[in-house]
Amino acid sequence: MNQELSSQHQTCPSQIFQRVGVVGAGAMGRGIAQIIAQVGIVTLLHDSDRKAALAAQASILSTWAMMQEKGRLSAQQRDKGQASLRLAETIEELADCDLIIEAIVERLDVKQALFRQLEGLVATTSVLASNTSSLSVAAMASCLKHPERVAGYHFFNPVPLMKIVEVVRAAKTDDKVVEALKALATTVGHRAVVCGDTPGFIVNHAGRGYGPESLRALGEAVAPVQVIDRILREQVQFEGQGFKLGPFELMDLTAIDVSHPVMESIYHQYYEEARYRPSVLTAQRLAAGLFGRKTGEGFYRYVDSKKQALSWPVIEVLSEEHQSLCSRVWIAPMVKAQPSWVLESLQQLIAEAGFTCESGSQASNEALMVLCPLGEDASSMAYRLGLDARRCVAIDCLFPFGWKQCSLRSLMATVATTRDSMLAANKLFSSDGATLALLGDSPGFITQRVIAMIVSIACDMAQQAVALPKDIDDAVRIGLGYPMGPLSMGDAIGPERMLAIMDGLYASTQEPRYRPSLWLRRRAQLGLSLRHETVSFS
Ligand SMILES: NC(=O)c1ccc[n+]([C@@H]2O[C@H](COP(=O)([O-])OP(=O)(O)OC[C@H]3O[C@@H](n4cnc5c(N)ncnc54)[C@H](O)[C@@H]3O)[C@@H](O)[C@H]2O)c1
């Protein structure tokens with residue numbers, strides 16, 4: 001197999017596989033068969049349930065007809081696809097395939113039985129690939145005489161639209177198998193990313209930041225569901241792009257009976273690594289049957305499939321008699337990692353709101369004190385700087401907070417902040433019409449802790465060599481629909497700021513969950529990009 005694959009690859013990569021078998025014609029198998037047949041490679045689709053195979057064939061044909069109608073496929077391409085797609089009534093008909101991709105039920109024993117059966121049928125040169133999303137590829141291959149022919153080939157749903165595939169290199173997988181599967185992915189128009197056989201591969205592993213850290217913040221009563229969702233949808237901006245759905249909207253869409261078991265599985269497979277710890281909040285919803293959209297209730301309620309809005313918490317406003325209470329503001333010293341635009345934007349906002357910005361090294365007795373913490377809570381920052389916590393209010397400055405960039409601002413009070421100070425802060429920060437989210441005191445607000453966890457987990461994946469930095473970034477951007485890859489997100493915000501947030505979270509909580517990745521620490525300290533790879537001496 002290896003010599004053959006190698007020589008063919010060097011001359012004509014896209015023609016490595018002449019005849020591909022797909023076993024399992026469900027949601028994934030039909031998508032995989034469609035994209036391979038569409039480029040004219042003979043594709044045999046088999047399912048133990050004949051009705052499922054027939055339904056898949058009908059669905060692929062109608063998709064091609066629709067694509068042709070919309071001008072996304074020429075008549076010639078459609079004919080080529082139709083001529084290339086065949087149903088295999090029996091598994092024996094796959095004997096001549098040089099690649100077989102399985103997309104059957106997610107059970108190790110069933111997949112092993114299938115691979116054993118296939119090994120008895122196909123040539124020793126044939127590649128066996130699995131679309132598993134959670135099982136160990138090495139375990140699947142362990143029952144075979146030739147485990148080096150097995151790799152993971154993890155597509156995403158819906159396959160034709162999600163143009164990314166993880167090529168999983170297990171302990172014994174031959175490099176030429178990986179190269180051949182990469183070449184096939186390129187031929188069908190998908191970006192192939194290569195990763196190790198580790199729990200969650202790239203995408204499901206990297207996804208442990210967004211939802212789980214938001215659940216942590218919710219569990220600590222930092223803010224209610226709708227506030228966290230809106231903050232992450234509106235405040236997070238990378239090159240003008242943000243998250244399309246808030247974390248709770250997303251969990252309701254994916255369904256909690258799907259996402260909670262994934263959280264538990266990855267946590268246990270990593271031997272209870274604190275970074276991936278699931279939340280009791282989803283466990284409770286799972287037990288109560290509140291799965292999300294599909295059951296009519298999850299974090300939100302749904303009536304006729306429409307999400308019912310939750311009201312925005314009301315923040316008390318300054319009454320007329322309080323108007324003159326405070327008109328002076330003092331900005332507390334910032335940590336070194338804060339960029340200069342933070343101070344400039346704050347000074348501008350204070351001036352435009354008609355407040356006086358004090359410039360001394362200490363606040364006067366009347367001034368409201370504004371803090372801009374990174375990974376620190378407002379109470380701890382006030383204590384660290386020896387400030388009167390009753391007059392302190394913190395604002396999140398991770399992303400630009402000028403009204404023109406974002407009409408939502410996050411504020412935190414210390415546990416001692418007085419009502420008058422909060423009223424003055426409300427007047428100051430909403431004077432241009434911005435909406436305020438008043439959060440419970442939390443190290444890192446919402447944006448800082450969620451983005452820092454996403455970036456830190458990706459850094460740790462790079463450190464563990466789960467995949468190359470570029471592949472981690474592309475897999476997450478395409479597979480999870482994030483505005484940019486997580487390592488690029490960290491670079492956009494600044495590795496030094498990212499490290500300051502993680503250090504702050506870790507110092508405040510003493511939880512191993514927040515220990516910064518060494519990949520992040522070293523690059524932040526040396527002023528390097530988070531996508532920087534160490535020079536190889538081999
Ligand atoms: N659905 C997703 O979003 C998704 C995404 C990525 C990966 N995956 C993985 O892809 C695989 C398939 O998932 P799916 O959602 O397409 O499942 P599915 O239930 O929609 O389809 C599975 C099909 O396999 C057939 N089948 C079961 N055992 C078989 C056997 N021994 N021989 C032949 N056919 C058999 C079933 O009849 C069924 O038609 C699983 O390993 C899953 O973890 C799923």
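Q: How many helices and strands does the secondary structure of the chain come to?
A: The chain of this predicted model comes to 21 helices and 16 strands. Its C-alpha trace spans about 85 × 60 × 45 Å along the principal axes.

Q: Which domains is the chain divided into?
A: The division gives domain 1 (2-197), domain 2 (205-307) and domain 3 (320-439). Between the C-alpha centres of domain 1 and domain 3 there are 56 Å.

Q: What share of the residues in the chain is buried?
A: Of the 538 residues, 47% are buried. Among contacts with a separation of 6 or more, 69% join residues 24 or more positions apart.

Q: Why are α10 and α11 called roughly perpendicular?
A: The axes of α10 (residues 225-234) and α11 (residues 247-254) cross at roughly 105°. Angles of 65 to 115 degrees count as roughly perpendicular, and the pair is therefore placed in that class. The two axes come within 7 Å.

Q: Which residues of α10 and α11 meet?
A: From α10 there are Val225, Ile228, Asp229 and Leu232, and from α11 Pro247, Phe248 and Glu249. Sorted by class, this contact has 5 nonpolar, no polar and 2 charged residues.

Q: Why is alanine 255 called partly exposed?
A: Alanine 255 has 16 other C-beta atoms within 10 Å. Buried needs 20 or more and exposed needs 12 or fewer, so alanine 255 falls in between and is partly exposed. Alanine 255 sits in the loop between α11 and α12 (256-269). Although not a glycine, alanine 255 has a positive phi of about 90°.

Q: How do you know that the span of α7 agrees with the value for a helix of 13 residues?
A: At 1.5 Å a residue, the 13 residues of α7 (residues 175-187) should span 18 Å. The end C-alpha atoms of α7 are 19 Å apart, so the two values agree.

Q: Which residues of α7 are buried?
A: They are Lys176, Val177, Ala180, Leu181, Lys182, Leu184 and Ala185. After α7 comes glycine 189, with a positive phi near 85°.

Q: How do you know that the span of α20 agrees with its 15 residues?
A: The 15 residues of α20 should span 21 Å at 1.5 Å a residue, and the end C-alpha atoms are 21 Å apart, so the values agree.

Q: What do the buried residues of α20 pack against?
A: They pack against α17 (447-463), α19 (486-493) and α21. The buried residues of α20 include Met498, Leu499, Ile501, Met502 and Leu505, and also Arg497 and Asp503. Just after α20, glutamine 510 has a positive phi of about 60°.

Q: What makes arginine 515 count as partly exposed?
A: Arginine 515 has 17 other C-beta atoms within 10 Å. That count lies between the limits of 12 and 20, so arginine 515 is partly exposed. Its place is in the loop between α20 (495-509) and α21 (518-525). Arginine 515 and glycine 494 are 21 residues apart along the chain, and their C-alpha atoms are separated by 18 Å.

Q: Why is alanine 394 called buried?
A: Alanine 394 has 28 other C-beta atoms within 10 Å. The cut-off for buried is 20 or more, so alanine 394 is buried. Alanine 394 lies in strand β14. Leaving aside neighbours within four places in sequence, its contacts include Leu371, Cys372, Met381 and Leu411.

Q: Is aspartate 388 buried, exposed or partly exposed, and where is its place?
A: Aspartate 388 has 16 C-beta neighbours inside 10 Å and so counts as partly exposed. Its place is in the loop between α15 (378-384) and β14 (392-395).

Q: What makes the peptide bond from asparagine 157 to proline 158 cis?
A: Omega of this bond is near -5°, and the bond is cis. Most peptide bonds are trans. Proline 158 is found in the loop between β6 (150-155) and β7 (164-169).

Conventions. Residues are numbered from 1 along each chain as its sequence is written. This is a predicted model: local features need pLDDT of at least 70, side-chain atom pairs count only at pLDDT 80 or more; totals for chains, interfaces and linings use all residues. Axes are lines fitted to C-alpha atoms, for helices over the stretch in contact, and angles run from 0 to 180 degrees between N-to-C directions. Helices (H or I, at least four residues) and strands (E, at least two) are DSSP runs, numbered from the N terminus. Angles under 35 degrees count as roughly parallel, over 145 as roughly antiparallel, 65 to 115 as roughly perpendicular and the rest as oblique. Two residues are in contact if their C-beta atoms, placed from the backbone, lie within 7 Å. Ala, Val, Leu, Ile, Met, Phe, Trp, Tyr, Cys and Pro count as nonpolar, Asp, Glu, Lys and Arg as charged, and the others, Gly among them, as polar. The expected span of a helix is 1.5 Å times one less than its number of residues. Domain bounds come from an automatic or database domain assignment.
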